[in-house]
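Reader: I have a model open and some labels to check. Can we go through them one by one?

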Amino acid sequence: MNIQSDNLDEEINLLELLQVLWKGKIIIVSLTAFASIFAVVYSLSLPNIYESKALLAPVDSSSSISGALGSYRGLAGLTGINLPSSGSDTNSEKAMETIKSLSFFEKNILTNIFLPDLMALESWSSDTNIVIYDERIYKTSTNSWEDEPSAQQAYKEFTSKHLRLGKDKNSGFITLSIKHQSPFLAKQWAELVINEVNDFYRQKDKEESEKAVSYLNQQISMTGSSEIKQVLAELVQEETKKLTLIDANQFYVFEYIDPPAVMEKKSEPNRANICIIIAFLGGILSILLVFIRHYFFNEKVA
């Protein structure tokens with residue numbers, strides 16, 4: 001008897017819920033329709049975003065650059081001289097953090113881009129390939145800012161909305177991508193970041209080698225031992241070779257497996273998903289509203 005009574009109660013409760021929903025059908029249909037219309041209008045108002053990706057590999061640490069001084073570091077240590085390390089594996093790990101740093105952005109990225117493309121963008125015309133700027137932020141007629149953004153504001157915008165950087169733990173390959181309304185700027189900025197970080201570490205290692213050569217030549221002039229002079233001369237010769245190799249390599253830290261490209265298809269927004277999700281949420285909220293009206297305001301089902 002108890003089981004039959006429970007089943008009957010469940011049927012009554014389910015029937016009551018269906019009656020409540022049927023009574024509130026106008027609210028449910030109206031709010032769901034409103035949410036659907038809003039979703040369509042909202043999704044169409046969102047600009048297309050294009051993502052230009054580059055697949056990168058760290059430059060091989062067994063290359064002639066990193067291995068040029070391997071056999072001579074022991075000799076240098078005997079003379080009390082520490083030569084700079086040139087392991088590209090180390091550089092590649094550091095380079096990923098460098099790319100995300102404020103100082104690198106200020107010195108290497110911000111100085112090479114047109115700031116309104118980052119901070120005052122309104123839209124991009126695919127027909128004319130022209131970027132349109134928000135006149136409330138940047139006045140194109142006078143090339144002046146209403147309130148010019150700081151380097152830190154630009155850095156936050158660039159790293160949070162445009163730059164994506166990740167490393168595959170299994171392959172060790174690195175993916176760097178730039179998102180932008182203009183696919184041409186997305187490609188341009190991706191290439192800029194990669195070129196600049198390669199140049200940054202090339203210049204850094206070059207300066208260290210030049211200092212090492214200068215120091216070694218100074219030590220040669222100061223020592224009276226012919227054996228030490230010979231060792232130092234060999235070290236100078238190898239450092240000079242390293243300098244030549246540094247300048248000869250176009251890709252110093254990262255090399256392309258797949259370079260960035262001007263993408264024809266947008267990466268976002270997914271308008272269909274946006275419409276489905278908002279319409280679904282509108283339907284759920286309208287049903288909740290109907291139940292709240294019935295149970296909290298004690299409306300009786302007719």
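Reader: What makes Asn129 partly exposed?

Author: Asn129 has a relative accessible area of 38%. Buried means under 20%, exposed over 50%, and partly exposed in between, with a 1.4 Å probe and protein chains only. So 38% makes Asn129 partly exposed. A word on the source: this is a predicted model, where local features need pLDDT of at least 70, side-chain atom pairs count only at pLDDT 80 or more, and totals for chains, interfaces and linings use all residues. Residues are numbered from 1 along each chain as its sequence is written, and side-chain values use heavy atoms, with hydrogens and water left out.

Reader: Where is Asn129 found?

Author: Asn129 is in the loop between strand S2 (121–125) and strand S3 (130–133). Helices (H or I, at least four residues) and strands (E, at least two) are DSSP runs, numbered from the N terminus. Phi of Asn129 is near 55 degrees, a positive value in a residue other than glycine. Most residues other than glycine have a negative phi, and most peptide bonds are trans.

Reader: What makes Asn143 count as exposed?

Author: Its relative accessibility: Asn143 is at 56%. The cut-off for exposed is over 50%, so Asn143 is exposed. Asn143 lies in the loop between strand S4 (138–139) and strand S5 (144–145). Phi of Asn143 is positive too, near 50 degrees.

Reader: Which peptide bond is cis?

Author: The one from Glu268 to Pro269, with omega near 0 degrees. Pro269 lies in the loop between strand S8 (254–258) and helix H11 (271–296).

Reader: Why is Pro269 called buried?

Author: Pro269 has 9% relative accessibility. That is under 20%, so Pro269 counts as buried. Its C-alpha is 6.9 Å from that of Ile49, 220 residues apart along the chain.

Reader: How many aromatic pairs does a search of the whole structure find?

Author: The search finds 13. Rings of Phe, Tyr and Trp (its six-membered ring) pair if their centres lie within 6.5 Å; planes under 30 degrees apart count as stacked, over 60 as edge-to-face and the rest as tilted.

Reader: Why is the pair of Tyr50 and Trp124 called edge-to-face?

Author: The ring centres are 5.9 Å apart, and the planes stand at 80 degrees. The centres are within 6.5 Å, so Tyr50 and Trp124 pair. The angle is over 60, so the pair is edge-to-face. Tyr50 lies in strand S1 (residues 50–58) and Trp124 in strand S2, so the pair ties together parts that are 74 residues apart in sequence.

Reader: Are Tyr50 and Trp124 buried or exposed?

Author: Tyr50 is buried, at 9% relative accessible area. Trp124 counts as buried at 16%.

Reader: Which residues form one aromatic cluster?

Author: Phe105, Tyr155, Phe158 and Trp189.

Reader: How do you know that the charged end of Lys25 sits over the ring of Trp22?

Author: The charged end of Lys25 is 4.3 Å from the ring centre of Trp22. A charge sits over a ring if NZ of Lys or CZ of Arg is within 6 Å of the ring centre and within 35 degrees of the ring normal.

Reader: What span is expected of H11 at 1.5 Å a residue?

Author: For the 26 residues of H11, 38 Å is expected. The rule is 1.5 Å times one less than the number of residues. From first C-alpha to last, H11 reaches 36 Å, close to that value.

Reader: Which residues in H11 are buried?

Author: Among them are Ile274, Cys275, Ala279, Gly282 and Gly283. An α-helix has 3.6 residues a turn, so residues three or four places apart point the same way.
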